[in-house]
Amino acid sequence: MIKNSSVIIRVSLLSVLLFGGQAQAGIFSWLFDKDKENQPSQTTDDRRVIVRTVGNVGEDHSDHSHDIERNVGTRVDYEMWLNQSNYYRQSAEAYEDFLIKQLGKENVPPMHELLTTARSWKKCGAEPYQVPPSELWHQMVPTIRLYNDLKKSGILPAHTQIRSVYRSPELNRCAGGAPASKHITNGAMDIWVPNYQVGSWQLSAVQDKLCQYWIDNGENRQFGLGIYATGAIHLDTQGYRKWGGQFTQSNSPCRYVLPKKEVLYIDGQGWAE
């Protein structure tokens, strides 16, 4: 009888220990689960945002930092824009056909670059791409020729890209462009070298070569050259001039100063150029 009681007592103690262990585990699990509820969860939405920000692997990136989500200036994004409207596609194809007839197919820059507008298009309520009015199409032809010559001669690296061309007067005002900007007349393009950092010796070398070309050939080609602290470079063929920040000649990295026109005094009748 005593032995049986001893067995019963041992079994009871074992049950208490097992039950107590399970209860403690349950309590600890409940406590830790409560802590987890108070911590930010790592959801698939977080990962999706990160992927969307850096872009998709294998996509044709030009890394336009002004609109990372859309990757403006890439073929993929440009095709998406074209597909929004038959008018967009038809007008873009008509413009491209015009340029091909003027320059030859191999000399027309990618249309997904050539139709980009101001980088602040979204803030200004505009489109990222725009076909200029047909009466202005011819203005771009000599500027494209200049751009191609600069690349063929090695002054501009082969991976140079176009990032802003035609702007409507309304968009130009909103974007802070100069009132007489040649972007309005479709005669100008802003370019950049994506993998050359601002202040790098590579970008400085490109700017020096551009300045030298501007000195040697600028007047004949009516070359307008703007070099900005952001690394952007403006090209047009609508007037021999240069400038840097604040659209002033004195801020241009090109050290050469345009000579002043000679002024003569004729027979006491006043000054004449």
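Biologist: Which strands does α8 lie across?

Modeller: In this predicted model, α8 lies across β3, β4 and β5, and it runs at about 160° to β3.

Biologist: What is the order of the strands in that sheet?

Modeller: Read across the open sheet and the five strands come as β1-β2-β4-β3-β5, with mixed pairing. On average, neighbouring strands are turned by 25° against each other, direction ignored.

Biologist: And how many bridges join β2 to β4?

Modeller: Four, and the two strands run antiparallel. Take Met189 as an example: its bridge partner in β4 is Leu235. On the helix side, α6 packs on the sheet and touches β1, β2 and β4, its direction making about 25° with that of β2.

Biologist: How should I read the nonpolar core?

Modeller: The general idea is that in soluble globular proteins, nonpolar side chains tend to be buried together. Here the largest nonpolar core has 41 residues, and the members touching the most others are Leu114, Leu150, Met189, Leu225 and Leu235. Elements giving two or more residues to this core include α4 (86-103), α8 (201-221) and β2 (188-192).

Biologist: Which element gives the most to this core?

Modeller: That's α6, with six residues.

Biologist: Back to Met189, then. Which residues does Met189 touch, leaving out those up to four places away in sequence?

Modeller: Among them are Leu114, Met140, Ile144, Tyr147, Ile162, Val165, His183, Ile233 and Leu235. So that last one, Leu235, is both a bridge partner of Met189 and one of the residues Met189 touches.

Key: Residues are numbered from 1 along each chain as its sequence is written. This is a predicted model: local features need pLDDT of at least 70, side-chain atom pairs count only at pLDDT 80 or more; totals for chains, interfaces and linings use all residues. Side-chain values use heavy atoms; hydrogens and water are left out. A nonpolar core is a set of buried Ala, Val, Leu, Ile, Met, Phe, Trp, Tyr and Cys residues joined through side-chain atoms within 4.5 Å. Buried means under 20% relative accessible area, exposed over 50%, partly exposed in between (1.4 Å probe, protein chains only). Contact means heavy atoms within 4.5 Å. Two strands pair if DSSP finds at least two bridges between them. Axes are lines fitted to C-alpha atoms, for helices over the stretch in contact, and angles run from 0 to 180 degrees between N-to-C directions.
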